[in-house]
Amino acid sequence: MEYDSPDPPTQAVDAQILTTDLETLTLSTDPLTDQFGSLNDLSHELASLQDLALRGSWRSVLDKVGRARTLSLLQKPHDHLTYLSFNVLALMKLRRFSEASTELDTVEDLDGSHNRYESYPNVYPNRSGSMVPFSLRWLHAIVPAKLGRRQDGLDRLYVLLDFVRTKVSEKENAEGLSVSATVWKKREFFVTNSIVGLHLSNKEFSVCLRLIKDLLKRDGSDPILFSKLGYIQMQIGDLEGAKNSFNQVEGLMKEIEKSNGSLSEIQFKNLVNRNKALVYLVGKDYVSAVREYDECIERDHTDVVAVNNKALCLMYLRDLSDSIKVLENALERVPTVALNETLVVNLCSMYELAYVNHSDIKRTLSNWIARVAPDDFDSSCTRI
């Protein structure tokens with residue numbers, strides 16, 4: 001059985017590469033300074049590519065990239081880099097890591113002159129800087145880790161973190177670039193999150209704590225960062241430290257206008273409730289934890305972390321029937337949101353505990369998943 005923590009560091013990578021960088025996968029390293037009316041003005045049929053990616057249609061992304069290359073539809077240098085980014089991302093999501101690595105090898109040097117606008121003055125008059133999308137830099141760093149070369153991945157991620165921090169400093173010190181600085185700060189958080197995920201997988205908690213505390217020195221008003229700090233403190237047995245971190249999050253609720261702008265009021269309140277629930281879980285007070293998760297679900301029925309963890313609490317309260325209903329209802333109401341491997345693994349484990357004919361029930365679930373799941377969903381989680 002697996003608990004979910006709100007936005008766990010080990011899972012945040014895939015989510016953020018879709019929700020943040022795909023929206024800024026544009027011509028330059030500083031996309032907000034570009035004056036274009038739509039995504040298609042930035043690159044050939046970019047809006048269509050993004051739509052396919054956000055729907056999880058990764059095989060269609062590969063087909064579209066392959067067609068554009070075969071028909072020579074990519075006319076400008078930056079088009080090739082943009083399509084390469086989507087192609088590598090699609091291969092990674094489909095767990096075809098060796099092919100993704102081979103694609104990345106076609107780019108000899110991300111910071112080479114051939115990847116800068118000023119090298120093509122006739123194509124990009126009055127433009128300068130790198131045309132390499134940030135997502136391509138991140139993929140170049142993370143793919144080696146996916147291939148089992150963990151240290152290579154970490155080395156590249158730390159180099160990327162230095163690169164991003166340099167950009168943050170440049171933008172903060174430049175007049176009129178405050179919005180751009182905000183974008184690069186989000187990227188700093190994103191890269192740090194990737195590094196924390198790799199260290200967590202190896203139980204290197206002290207490194208994770210140092211990285212997160214370093215970020216908090218720069219931004220002490222981010223509730224997500226304080227929550228992540230609390231999760232890691234709980235894993236090393238520092239319950240009092242975790243409670244203190246969670247109290248910091250609750251304190252920020254009183255100054256919500258100063259908090260992380262990426263959270264709505266409902267998301268913020270649910271974050272506070274989920275933090276409280278985790279403390280109850282550690283103390284095996286499942287009834288109180290269920291109460292906290294119910295508040296989350298009442299505010300937002302798409303809060304899958306709350307749904308998943310409520311079901312597990314009910315199971316530990318020996319209410320297996322209701323725990324199964326909680327997960328099944330979530331899949332029925334919001335399949336595109338609730339359909340994740342952790343929730344399905346837990347549901348299948350509950351089927352095995354509750355039913356003699358669990359193989360038939362899991363097969364029915366697997367057939368339904370095959371019809372509605374995105375291309376990158378790992379169907380082996382049903383354990384048929």
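Here are some questions and answers on how terms apply to this predicted model.

This is a predicted model in which local features need pLDDT of at least 70 and side-chain atom pairs count only at pLDDT 80 or more, while totals for chains, interfaces and linings use all residues. Residues are numbered from 1 along each chain as its sequence is written, and side-chain values use heavy atoms, leaving out hydrogens and water.

Q: Why is helix 9 called roughly antiparallel to helix 10?
A: Helix 9 (residues 178-201) and helix 10 (residues 205-218) pack at about 165°, with axes 8 Å apart. That makes helix 9 roughly antiparallel to helix 10, since the term applies to angles over 145 degrees. Axes here are lines fitted to C-alpha atoms over the stretch in contact, with angles from 0 to 180 degrees between N-to-C directions.

Q: What makes up the contact of helix 9 with helix 10, by class?
A: Residues in helix 9 including Phe189, Ile195 and Val196 meet residues in helix 10, among them Val207, Leu211 and Leu215; contact means heavy atoms within 4.5 Å. By class, this contact of helix 9 with helix 10 has ten nonpolar, two polar and two charged residues. Ala, Val, Leu, Ile, Met, Phe, Trp, Tyr, Cys and Pro count as nonpolar, Asp, Glu, Lys and Arg as charged, and the others, Gly among them, as polar.

Q: How do you know which way helix 14 runs relative to helix 15?
A: Look at the angle: helix 14 (residues 286-299) and helix 15 (residues 304-316) pack at about 155°, with their axes 9 Å apart. That makes helix 14 roughly antiparallel to helix 15. Their contact divides into eleven nonpolar, one polar and two charged residues.

Q: What share of the protein is buried?
A: Buried residues make up 51% of the 384 residues in the protein.

Terms used. Helices (H or I, at least four residues) and strands (E, at least two) are DSSP runs, numbered from the N terminus. Angles under 35 degrees count as roughly parallel, over 145 as roughly antiparallel, 65 to 115 as roughly perpendicular and the rest as oblique. Buried means under 20% relative accessible area, exposed over 50%, partly exposed in between (1.4 Å probe, protein chains only).
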